[in-house]
Amino acid sequence: MKIIHPENNLPEPTKAELEILQVLWEFGPSTVRFVNDKLNEQREVNYTSTLKQMQILAEKGILKRDESQMKHIYIPVEAEEKTKVQLLDRFVNTLYKGSASQLMMQLLGNEKTSKKEIEEIKRLLDSMD
């Protein structure tokens, strides 16, 4: 099964940018200060670094900035699910030559897959028949 979606033109966010997106997807449109505070709950992040990354995300078209208020609010352009689908498609196409089955075999061969997770996957596959 090949996964190819040529319409995926979303610039690929870096790991740090994905952390910012995760905060915005979870909490909704937010200020740089709010996002930075949330990031600092996990690890120390400098405010100016967060600001710069969010500005870059806006330049890339991944975020939009609402400047109608004194504090600028940043909003993800794409929904979380759509972004994850696009990134996963790129990952599968690049590392697994578009083969979702090769990816699944690699994942299931991973010793970290629990019996419970395997059962959930079986139920999902059975529901697809």
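Tutor: Thr50 is found in helix α3, where helices (H or I, at least four residues) and strands (E, at least two) are DSSP runs, numbered from the N terminus. This is a predicted model, in which local features need pLDDT of at least 70 and side-chain atom pairs count only at pLDDT 80 or more, while totals for chains, interfaces and linings use all residues. Residues are numbered from 1 along each chain as its sequence is written, and side-chain values use heavy atoms, with hydrogens and water left out.

Thr50 has a relative accessibility of 0% and therefore counts as buried (under 20% relative accessible area; exposed is over 50% and partly exposed lies in between, with a 1.4 Å probe and protein chains only). Apart from neighbours within four places in sequence, Thr50 is in contact with Ile20, Val32, Val35, Asn36, Leu39 and Val45, contact meaning heavy atoms within 4.5 Å.

Leu51 is also placed in helix α3. At 25% relative accessibility, Leu51 counts as partly exposed. Beyond four places in sequence, the contacts of Leu51 are Val32 and Tyr74. From Leu51 to Asn36 the C-alpha distance is 8.2 Å, and the two are 15 residues apart in sequence.

Next, the packing of α3 against α1. Helix α1 (residues 15-27) and helix α3 (residues 47-60) pack at an angle of about 85 degrees, and their axes are 10 Å apart. Axes here are lines fitted to C-alpha atoms, for helices over the stretch in contact, and angles run from 0 to 180 degrees between N-to-C directions. The angle makes α1 roughly perpendicular to α3, given that 65 to 115 degrees counts as roughly perpendicular, under 35 as roughly parallel, over 145 as roughly antiparallel and the rest as oblique. On the α1 side, Ala16, Glu17, Ile20 and Leu24 take part, and they meet Thr50, Gln53, Met54, Ile56, Leu57 and Lys60 in α3. By class, the residues of this contact of α1 with α3 are six nonpolar, two polar and two charged; Ala, Val, Leu, Ile, Met, Phe, Trp, Tyr, Cys and Pro count as nonpolar, Asp, Glu, Lys and Arg as charged, and the others, Gly among them, as polar.

Helix α1 also packs with α4, at an angle of about 150 degrees and with the axes 11 Å apart. That makes α1 roughly antiparallel to α4. Here Leu18, Gln22 and Trp25 in α1 meet Glu80, Thr83, Lys84 and Leu87 in α4. This contact of α1 with α4 has three nonpolar, two polar and two charged residues.

Trp25, which lies in helix α1, counts as buried at 16% relative accessibility. Its contacts, neighbours within four places in sequence left aside, are Pro76, Glu78, Ala79, Glu80 and Thr83.

Strand β1 (residues 63-66) and strand β2 (residues 73-76) run antiparallel and are joined by four bridges; two strands pair if DSSP finds at least two bridges between them. Within this pair, Arg65 stands opposite Tyr74 in β2, and Asp66 stands opposite Ile73 in β2. A hairpin of six residues joins β1 to β2.

Finally, confidence. The protein chain averages a pLDDT of 86, and 92% of the residues score at least 70; pLDDT is the predictor's confidence in each residue, from 0 to 100. Confidence is highest in helix α2 (residues 32-40), with a mean of 97, and lowest in helix α5 (residues 100-109), with a mean of 82. Over residues 1-7, pLDDT stays under 50, and the model has 12 contacts beyond four places in sequence for that stretch. Where pLDDT is low, the predicted coordinates should not be read in detail.
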